[in-house]
Amino acid sequence: MSDSYEFSIDHAKKLDADDPLNHLREHFFIPRDSIYLNGNSLGLLSKEAATTVLRVLDEWKNLGVQGWLNEENPWFFQAENLGKKIAPIIGAKPEEVVATGTTTINLHSLVSTFYQPTEERNKILADELNFPTDIYALQSQVKLKGLDPKKHLKLVKSEDGRTLDEARIKRAITKDVALVILPSVLFRSGQLLDIEGITKNAHNKGVLIGWDCSHSVGVVPHKFDEWNVDFAFWCSYKYLNAGPGASAFLYVNEKHFDKESALTGWFGYVKEKQFEMNLHFEQAKSAGGWQISSPAIIGSATLEGALNVILRAGIENIRHKSMKMTAYLIYLFDNLLAEEPYNFTLGTPRMPNQRGGHIALEHEDAQRIHEKLLEENVIHDFRPPNVIRITPCALYNTFTEIWQTVSKLRKIIDEE
Ligand SMILES: *Cc1c(COP(=O)(O)O)cnc(C)c1O
């Protein structure tokens, strides 16, 4: 970022005044009297998402079972329609993405399909900094194939405990690897991996690769088709703002539509024939073929409104503002938090193209500072042992809030 910043609240206010997305904040419910910087954990409710969920409740109220095939908004096609809606922001064809299940369930479903160990290639490659649920799920997937996680699940090591060296990841994609599973953005440090480059490297070696994009969809633009990703999955309650309990998504590249889902259920059936209730499973030739159960209609109704807000803002504009906000926070960190007696360190890569949407500030006393910051009504989170995660969301946060948060962090230390 070439922008130069000054450290005064007036400058923060000027950045807000010049922000082309500043009008969006009033479309969100901001928890009262607080600075909410936790959208990477649970994004906020927009008025539009509240409207769509209320509409679906009304449909249920007025139509009962006929809601499934109501003319305007048939629940039967909700999962596919939400897939169609999100497709442009992830660079996919509409039939390659579907709203279904939850993140960990989708991981299980996709990995059990794509992990087909052979005599020569039988390992899954993942990394030691991934969100633990992914690792738990991969361990059980290895066991389900009758193999030993200690031998058949390889984890790329981190040298500094924060980030992964991409060259090291590529070197670890060896001849014995059958499948690579990586997070797009590491949940602690916020490092964004080069999805395209690592995917290409895996493919050059004949290895399939799937990405957990829970920490990047909604804040970073993706081009899954162009990058030739085999499959991906992500939740919708972080930067997508669909709320707790909303459906997750899965993407399957169309070149794999002929693969058999390993965890089948009736919603993965060819749509037009699902109600023939035939006992022979005929899988839909789309990402929809990886659905298992009836979709979570009410819990996913928020997604319609939430995605509309993101589509109108434009994912490129969101990324632009998000990078500007994290750059501003790093700038304030450098000038106001790095030195004695504040002694924070930065846990996030400085290169803008290596950052997702949040910043990790590290401190020896992080847990105590975290508690004090919560008392100041700055909603953020703490990841043991020493990370304070701060997420300025392009849709509803302001530069002024970033400034205020840094001032509060200084005050907490000053008052010691
Ligand atoms: C948030 C997150 C999850 C969450 O999994 P759920 O099944 O939705 O609880 C999984 N993986 C990563 C990388 C995440 O960031």
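Predicted model: local features only at pLDDT ≥ 70, side-chain atom pairs only at ≥ 80, totals over all residues.
Let's start with strand S7, residues 231–234. Phe231 and Phe233 point one way from the strand, Ala232 and Trp234 point the other way, and all of them are buried. That is the pattern to look for, since in a regular strand the side chains alternate between the two faces of the sheet. S7 has a partner in strand S6 (residues 208–212), which runs parallel to S7 and is joined to it by three bridges. If you want a landmark for that pairing, look at aspartate 212, which stands opposite phenylalanine 233. S7 also pairs with strand S8 (residues 249–252), this time in the antiparallel sense and over four bridges. Here the landmark is phenylalanine 231, with valine 252 of S8 opposite.

Now follow the chain to helix H10 (297–313). Its 17 residues reach 25 Å from the first C-alpha to the last, close to the 24 Å expected at 1.5 Å a residue. Twelve of those 17 residues are buried, so H10 is largely enclosed by the rest of the structure. Among the buried ones are Ile297, Leu303, Leu307, Val309 and Ile310, along with Gly305 and Asn308. And what do the buried residues of H10 pack against? They pack against helix H2 (47–63), H3, strand S2 (97–99), S8 and helix H11 (315–337). Just after H10 comes glycine 314, with a positive phi of about 90°.

Time for the charged side chains. Side chains of opposite charge can pair when their charged atoms come close. A search of the whole structure turns up 23 salt bridges. One of them joins glutamate 80 and lysine 271, at 3.1 Å from N to O. Glutamate 80 sits in helix H3 (residues 78–90) and lysine 271 in the loop between S8 and H10, so this pair ties together parts that are 191 residues apart in sequence. Is lysine 271 buried or exposed? Its relative accessibility is 13%, so lysine 271 counts as buried.

Arginine 368 and glutamate 416 make another salt bridge, their closest N and O atoms being 3.0 Å apart. Arginine 368 lies in helix H12 (residues 366–375) and glutamate 416 in the segment after helix H13 (399–414), so the pair ties together parts that are 48 residues apart in sequence. With 26% relative accessibility, arginine 368 counts as partly exposed, whereas glutamate 416 is exposed at 61%.

Glutamate 282 and lysine 273 also meet in a salt bridge, at 3.1 Å from N to O. Both ends are partly exposed: glutamate 282 has a relative accessible area of 30%, and lysine 273 one of 29%. Finally, a network of salt bridges links Arg55, Glu59 and Glu304.

Note on methods: Residues numbered from 1 in each chain as written. Heavy atoms only, no water. Buried < 20%, exposed > 50% of the residue type's maximum accessible area, 1.4 Å probe, protein only. Helix = DSSP H or I, 4+ residues; strand = E, 2+ residues; numbered from the N terminus. Pairing = 2+ DSSP bridges. Salt bridge = Lys/Arg side-chain N within 4 Å of Asp/Glu carboxyl O. Expected span 1.5 Å × (residues − 1). Contact = heavy atoms within 4.5 Å.
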